[in-house]
Amino acid sequence: MDTRYNPQQIEPKWQKVWAEKQLDKVSNDAISADKKKFYALSMFPYPSGDLHMGHVRNYTITDVIARFKRMQGYQVLHPMGWDAFGLPAENAAIDRNTHPAKWTYANIENMRSQLKQVGLSYDWDRELATCSPDYYKWTQWIFLQLFEAGLAYQKEAKVNWDPIDQTVIANEQVDNEGRSWRSGALVEKRKLRQWFFKITDYAEQLLQDLDKLKEWPSNVKIMQANWIGKSTGAELSFAIAGDTKKITVFTTRPDTVYGVSYVVLAPEHPLVETLTSADQKEAVNKFIEEVKNLSEIDRTSDDRPKSGVAIGASVINPFTGKEVPIWIADYVLFEYGTGAVMGVPAHDTRDFTFAKQYNLPIQSVIISNSPQGEGAYTDSGVMTNSGEFDGLESVIAKTKIIELAEANQWGTAKITYRLRDWLISRQRYWGCPIPIVHCPSCGIVPVPQSDLPIALPEDVELTGRGASPLAQLDSWVNVPCPSCGTPARRETDTMDTFIDSSWYFLRFTDAKNADQICDRDAVNHWSPVDQYVGGVEHAILHLLYSRFFTKVLRDRGLLNFDEPFTRLLTQGMVQGLSYMNPNKGGKDKWIPSAQVNPQDPKDPATGEPLQALYATMSKSKGNGVSPEVAIAKYGADTLRMFTLFKAPPEKDLEWEDADVEGQQRFLNRVWRLVSSFAETKKDSISKKVDKNLRRAIHIAIKEVSEDFDGGYQLNTAISEMMKLSNALQDAEDKNSATFLEGVETLLCLMAPFAPHITEELWSLIGHTDSIHSQSWLTYDPDALTVDEITLVIQINGKVRGSLQVPSGASNDKLALEEYARSSEVAQKYLEGKEIKKVIAVPRKLVNFVIA
């Protein structure tokens, strides 16, 4: 028998066997009400061409959970697909003078092969790609559902325009520097007619239902709550002096209204042009032009000084009857709230800074019971300089001021949200076409469901510049109106690719259904997803949109659940040793690891010393490790074990070759242990029970099971397997029933983690069925009991020796004292000495205090 561990031989062998036996396939026809279900899902990848280590870690974590649940007796749905539409594919196709579909499907083919090398237990019969017409047919169907529900609409709006990719992007796709999350271009503002989804109709549900997500990380729920941004306050109206119009502001602090010393409009507000006085016109126009060059991030950032200009008009504060000036300022955005705010510098930090800068009045209307420092007082307190409300607690006054405003029609109580409707229009080709026709007679007409999918044309010219490629293809654009037959035009925008990923988890439940998006019984059986695994960078975009879609489709009668993902695990990043030249900027500062001598890290171009640090693996940093290369060198099981052992799933992981080799050595030890047993075991197994080994076996079962149930502490689970392996190595009788139990236990515990080696060794010791079809083990509490304990003997607090005593006496202080007194150690040190005191600690020690 070959006792060498050869992963390059055994891993492809078992992958082929598993595929032939369809070991991981689950059929909806076999759904059983008597058998518990478990839906395990990783966030599906964009088919960029090659897997990276972040993929491997994400998918291995989910795979271990899926395999564990199968062994626990669950029906497990564990699918994989491809988030395949989007600008990168279109840009790559342009660069390579090919079609995006050809490029995308070639990448899918390559990445599927790489995934299979990792030994992931996917039901490949449910594979899907969002760019396939049999998938995006149902994306279009969902659009029509939202349209029928009044949740999809078109309007002219100022949008984020990416000047490099020549397309509109959503607010969520603009980073904190005002740049496109894809191209890195500084985002511009343009007015275009765009399609939106009315996610704001679900703002309160999305916020309140965060409380239902008991098994989501708190930081993700906080990020979503902040993005939804609920504010409770009032809308108050200020009459324009000398005019019949009013300016309405929203404020969360109506209790400060008596301290208003100015009102600010957004520079884009339509009233600015009509209200600006002749002598301020030049200054106002100049300021508006300056603001146009600022990003939304720049305008609202707390770190940047705020600027503004008076427009030469004023409003009347209805509560005081006093006139206050109207200003415009860069920090007020027309798209947020009413596009106007009231300035209360005494009680708002930003307003205080602005008022000081422009010498505007500062009137305190709330005072604290304790001494106040310089600057704005922003807490609650006692009302002052507020007319009839003087002396009231400001919290109480807030309600009463709103009541006064409503009684006099000056305003009303109001709840607002930071969340804005979801802009879904994209002016590019490689996306899902919007199923709408624009008719000169009928207006906006939805495409009949029977005509879906509206397929992307293949004879399209892609340049990456200008208007949508679809808009330039007359043969595709010009169609008869579905309602009246009049010549009409298709909608030429495609949908934001986040729409494709906002419902894919539903399609997996019935992926090949050609007649409906998914069978209601199937989707409601498998859903919600029991365990979802992915990066925290998707906390706002993908996860919020998926929650929105789930609630909409629930309200449309398809789903009977409120939330898509019961439990969420956000895995940490995989980091590689990286080299940075601190004297360079941008991407040039990163020097690929392959070009650096780690013993003397210097920039190969300049000779300057480099800083060595761990950073997230990426192509731009040149610090990545190819999974294919690692598998070829170490084997998939070693790679899996390393990514699981190096750090807890939610923490970042630092790639180190030495640690990978450590896992390889552990698997080699297991291989030698089990293969040697298989080769030398006798026909007759000894019935002798090794109590210490059996205790080690059942401690391992208990601890590994608890590591799964207690938050997937997979790294500590592997530590327990190592302990059991060591106990087996040290066992005296390696032909006993206890040793056989230990070997089988070790393999079963390791099976979800290292599926190939355990399957091979399971076969070597004589089993003909798959180890992955075995039931998860349960520990025997009786095996954990200890016959004897070690009792430490101390003299005046110093350890002088120990002895073994029956475990039954371990809690009896008098019995422990008697055992200790009769020991050779005690007799040696106590002879002729006066014992002043005896301290017995159950199960641990006896301390004799002597004179």
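Are Phe85 and Tyr136 buried or exposed? The notes below answer this and walk through other parts of the model, which is predicted.

1. **The opening pair.** Phe85 is buried, and Tyr136 is buried too. Their rings form a tilted aromatic pair. The centres lie 5.5 Å apart, with 40 degrees between the planes. Phe85 sits in the loop between strand S3 (81-82) and helix H3 (87-96), while Tyr136 belongs to helix H5 (residues 133-148). The two are 51 residues apart in sequence, so the pair ties together separate parts of the chain.

2. **An edge-to-face pair.** Look next at Phe642 and Trp655. Their ring centres are 5.0 Å apart and their planes meet at 75 degrees, so this pair counts as edge-to-face. Phe642 is in helix H18 (residues 636-645). Trp655 is in the loop between strand S29 (653-654) and helix H19 (657-680). The pair links distant parts of the chain, 13 residues apart. Phe642 has a relative accessible area of 2%, so it is buried. Trp655 is at 8%, so it counts as buried as well.

3. **Aromatic rings as a group.** The count of aromatic pairs comes to 39. One aromatic cluster includes Phe143, Trp195, Phe197, Trp422 and Phe548. Tyr202 and Tyr545 are also among its members.

4. **The largest nonpolar core.** This core has 115 residues. Which of them touch the most other members? They are Leu115, Phe143, Phe197, Trp422, Tyr504, Tyr532 and Phe548. A second, separate core has 57 residues, including Tyr74, Ile697, Ile718 and Phe753.

5. **A look at Trp422.** Set aside its neighbours within four places in sequence. Trp422 is then in contact with several aromatic residues, among them Trp195, Phe196, Phe197, Phe498, Tyr545, Phe548 and Phe549. Its other contacts include Asp496 and Ser502.

6. **Cysteines without partners.** How many disulfides does the structure hold? The number is zero. A disulfide is a covalent bond between the sulfur atoms of two cysteines. The cut-off here is 2.5 Å between the sulfurs. For Cys484, the closest cysteine sulfur is in Cys442, at 3.6 Å, so the gap is too far for a bond. For Cys518, the closest is in Cys432, at 16 Å, which is also too far. Cys484 is partly exposed, with a relative accessible area of 39%. Cys518 is buried, at 1% relative accessibility.

7. **His347 in its loop.** Where is His347? Its place is in the loop between strand S13 (340-343) and helix H11 (349-358). His347 is at 5% relative accessibility, so it counts as buried. Its side chain reaches the backbone nitrogen of Val365 at 2.9 Å. Beyond its neighbours within four places in sequence, the contacts of His347 include Thr256, Gln363, Ser364, Ile366, Ala376 and Thr378.

8. **Charges over rings.** Lys116 lies over the face of Trp124, at 5.4 Å from the ring centre. Arg418 lies over the face of Trp227, at 4.2 Å from the ring centre.

Notes. Residues are numbered from 1 along each chain as its sequence is written. This is a predicted model: local features need pLDDT of at least 70, side-chain atom pairs count only at pLDDT 80 or more; totals for chains, interfaces and linings use all residues. Side-chain values use heavy atoms; hydrogens and water are left out. A nonpolar core is a set of buried Ala, Val, Leu, Ile, Met, Phe, Trp, Tyr and Cys residues joined through side-chain atoms within 4.5 Å. Buried means under 20% relative accessible area, exposed over 50%, partly exposed in between (1.4 Å probe, protein chains only). Contact means heavy atoms within 4.5 Å. Helices (H or I, at least four residues) and strands (E, at least two) are DSSP runs, numbered from the N terminus. A polar contact is a pair of N or O atoms within 3.5 Å; within protein, one must be able to donate a hydrogen and the other to accept it, and residues adjacent in sequence count only if both atoms are side-chain atoms. Rings of Phe, Tyr and Trp (its six-membered ring) pair if their centres lie within 6.5 Å; planes under 30 degrees apart count as stacked, over 60 as edge-to-face and the rest as tilted. A charge sits over a ring if NZ of Lys or CZ of Arg is within 6 Å of the ring centre and within 35 degrees of the ring normal.
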